[in-house]
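Student: I would like to learn how to read a structure like the one below. Could we go through its features one at a time?

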Amino acid sequence: MTTGTDLPGFADPVLDAQSAFRAVLAALSCPGSIHDAGAGLTPPASLAPATAAVLLALVDGETSLAIAPTLQPAAGWIAFHCGPEIATTTLAGFVLAEALPNLAALDTGSDEVPERAATVILQVAALGSGASYTLAGPGLQHPTKFAVNGLPVDFAARWTANRALYPRGIDLILCAGGRLAALPRSVTVGEG
Amino acid sequence: MSTMEGYNFAYLDEQTKRMIRRALLKAVAIPGHQIPFGSREMPLPYGWGTGGIQVTAAVLGPQDVLKVIDQGADDTTNAVSIRRFFARTAGVATTTDTSAASVIQTRHRIPEKPLREDQIIVYQVPQPEPLSRLEPSRAETRRMHALAEYGLMHVKLYEDITRFGHVAISYDYPVMVNGRHLMAPSPIPAFDNPKMHQMAALQLFGAGREKRLYAIPPYTSVVSLDFDDHPFRTTRAPHACGLCGATDSYLDEVVTDDQGGRLYVCSDTDHCETRREAGHTGSESPLQEAAQ
Ligand SMILES: [Zn+2]
């Protein structure tokens with residue numbers, strides 16, 4: 001098993017981080033919109049370029065990260081390039097996974113400090129195809145269709161429970177290949 | 001890249017930018033909620049918009065075109081200094097044209113021209129806490145936001161109405177964001193408040209001295225607090241712009257001589273220039289004077 005530390009991070013750490021951040025900012029500002037991220041990155045095989053770009057742009061020694069078992073092969077690369085404190089899923093500020101964790105079991109913040117709530121970075125099979133949802137809320141002028149291949153069948157119900165915690169709640173960044181999208185806790189998700 | 005030697009891109013170090021960026025993402029996810037951040041010393045004094053500058057620095061990239069306005073004008077010392085700062089430290093293109101900008105940093109105004117989805121507006125904020133004058137304790141205001149307990153503000157506004165017949169707040173008029181968080185819109189005139197509602201552009205707010213930032217995503221409800229029997233109304237000086245004739249823009253009163261001469265002109269200088277270039281004239285336009 002390769003540790004991945006021999007694989008590079010951003011070619012230009014300053015400008016590539018800025019560009020990846022703007023992709024995530026645009027994605028959260030317009031839930032369900034799909035943005036390019038991680039072009040040119042060659043992360044370990046278990047990480048999509050977009051996933052790697054989000055980690056490099058947002059995760060560092062001041063943050064805590066939980067890495068799901070299926071993505072453990074990338075742990076060495078993440079430790080080398082980002083250096084987060086490794087935490088349990090229930091306590092981590094960032095949760096990296098391929099299967100949606102039980103959102104209610106994560107840190108959902110408090111009403112006074114809702115920003116403490118975890119951000120889930122979920123690597124999925126595809127964005128723009130697969131199960132279809134209808135999104136509404138801040139960032140969207142009109143209800144908007146959003147398709148993802150890789151969310152659990154009961155996702156809409158699980159998200160509705162998360163949405164009910166507002167202003168507490170989990171924020172979700174979805175990554176597939178060289179593209180990402182996001183669902184902030186403020187968005188409502190309907191089936192179809 | 002033509003950035004100044006020895007500077008970090010956009011001045012801030014990468015770790016600071018990541019910290020501000022993480023806070024900005026949470027701010028977008030919780031519209032109107034104030035988030036503490038580790039505000040850094042900037043090479044400009046407080047009052048020069050160090051909070052807005054740090055937010056802009058965390059957002060800006062080489063593909064951006066930056067516009068900086070102060071009270072609506074692109075040419076004040078403050079606006080020119082901030083624009084030069086980013087031209088030097090980030091090598092970004094700058095503009096005074098609202099429609100050509102991708103990032104607009106502002107103090108005290110929102111441009112008259114409606115902003116677009118591909119634009120970001122960054123507000124410089126001196127006091128991010130809308131309840132600060134009613135409740136000095138930070139711990140207490142945090143608790144009030146947590147419970148959405150905003151009765152104190154309604155009482156204050158209603159006392160104004162009882163005493164003056166109207167709400168006596170003409171700047172920094174409090175707004176309710178996404179039906180949940182009471183927010184200070186920064187010291188923009190109440191005239192500009194309706195522009196925040198369902199704005200197509202992302203709105204970011206930075207308070208340097210108070211170390212807080214917050215955000216309003218595009219297409220988000222922003223409602224100025226009011227009462228059924230006293231609905232929120234905007235006011236503007238009852239004049240047309242003396243230079244471009246605009247009757248719907250926010251006006252500054254300019255004293256023109258020592259005889260008490262006064263001129264009302266658009267506070268948004270780019271708006272006024274764009275209108276004049278399109279052939280609009282006002283009572284004080286050179287052409288108008290020549291015709292008289
Ligand atoms: Zn004018």
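Tutor: Let's begin with a pair of facing residues: Ala126(A) stands opposite Asn149(A), which belongs to S7(A). Keep in mind throughout that this is a predicted model.

Student: How many bridges join strand S6 of chain A to S7(A), and which way do the two run?

Tutor: Strand S6 (residues 126–136) of chain A and S7(A) run antiparallel, joined by 7 bridges.

Student: Which sheet do these strands belong to, and in what order?

Tutor: To read a sheet, follow the order of its strands. Here an open sheet of 3 strands goes S7-S6-S10 in chain A, with antiparallel pairing. Strand S7 (144–149) and strand S10 (188–191) of chain A are its edge strands, each pairing on one side only. On average, neighbouring strands of this sheet are turned by 50° against each other, direction ignored.

Student: Which helix lies across S6 and S10 of chain A?

Tutor: That is helix H4 (residues 155–163) of chain A, which runs at about 155° to S10(A).

Student: What is the strand order in the sheet of 7 strands in chain A?

Tutor: The order is S1-S9-S8-S5-S4-S2-S3, again in an open sheet, and here the pairing is mixed. Strand S1 (35–36) and strand S3 (85–86) of chain A have a single partner strand each, so one side of each is left without a neighbour in the sheet. For a parallel example, take strand S2 (residues 64–67) and strand S4 (residues 94–97) of chain A, joined by 3 bridges. Ala66(A) has Val95(A) in S4(A) as its bridge partner.

Student: Next, the metal. Which residues are the protein donors of the zinc ion?

Tutor: The zinc ion has the SG atoms of Cys241(B), Cys244(B), Cys266(B) and Cys272(B) as its protein donors, lying 2.2 to 2.3 Å from it. The angles among its 4 donor atoms are 104 to 118°, and the site is tetrahedral. Why tetrahedral? Four donors get that name if all angles lie between 85 and 135 degrees. Along the chain, the donors follow the spacing C-x2-C-x21-C-x5-C. One pair links distant parts of the chain: Cys244(B) is in the loop between strand S10 (222–224) and strand S11 (251–255) of chain B, while Cys266(B) is in strand S12 (residues 262–266) of chain B, 22 residues apart.

Student: Is Cys244(B) buried or exposed?

Tutor: Cys244(B) counts as buried because its relative accessibility is 1%. Cys266(B) is buried too, with a relative accessible area of 5%. Asp75(B), in the loop between strand S2 (65–70) and helix H3 (77–90) of chain B, is exposed, with a relative accessible area of 61%.

Student: How do I read the contact between the chains: how many residues does it take from chain A and from chain B?

Tutor: Count the residues, then look at the area. The contact takes 37 residues from chain A and 39 residues from chain B. About 3100 Å² is buried between the two chains, and carbon and sulfur atoms give 61% of that. Phe21(A), Glu112(A) and Glu115(A) supply 19% of the area that chain A buries against chain B, more than any other three residues.

Student: Where does His181(B) lie, and what does it touch?

Tutor: His181(B) lies in strand S7 (residues 181–183) of chain B. Not counting residues up to four places away in sequence, His181(B) touches residues including Tyr166(A), Pro167(A), His33(B) and His145(B). His181(B) counts as buried, at 1% relative accessibility.

Student: What is the peptide bond from Tyr166(A) to Pro167(A), cis or trans?

Tutor: For this, check omega. The peptide bond from Tyr166(A) to Pro167(A) is cis, with omega near 10°. Pro167(A) sits in the loop between H4 and strand S8 (171–176) of chain A.

Note on methods. Residues are numbered from 1 along each chain as its sequence is written. Chains are lettered from A and ligands numbered from 1 in the order in which they are written. This is a predicted model: local features need pLDDT of at least 70, side-chain atom pairs count only at pLDDT 80 or more; totals for chains, interfaces and linings use all residues. Side-chain values use heavy atoms; hydrogens and water are left out. Donors are N, O and S atoms within 2.8 Å of the metal (3.2 Å for Na, K and Ca); water is not among the atoms, so sites may look incomplete. Four donors count as tetrahedral if all angles lie between 85 and 135 degrees; four count as square planar and six as octahedral if opposite donors are over 155 degrees apart and all others between 65 and 115; anything else is irregular. Helices (H or I, at least four residues) and strands (E, at least two) are DSSP runs, numbered from the N terminus. Buried means under 20% relative accessible area, exposed over 50%, partly exposed in between (1.4 Å probe, protein chains only). Two strands pair if DSSP finds at least two bridges between them. Axes are lines fitted to C-alpha atoms, for helices over the stretch in contact, and angles run from 0 to 180 degrees between N-to-C directions. Contact means heavy atoms within 4.5 Å. Buried area is the accessible area (1.4 Å probe) that two parts lose on being put together, summed over both.
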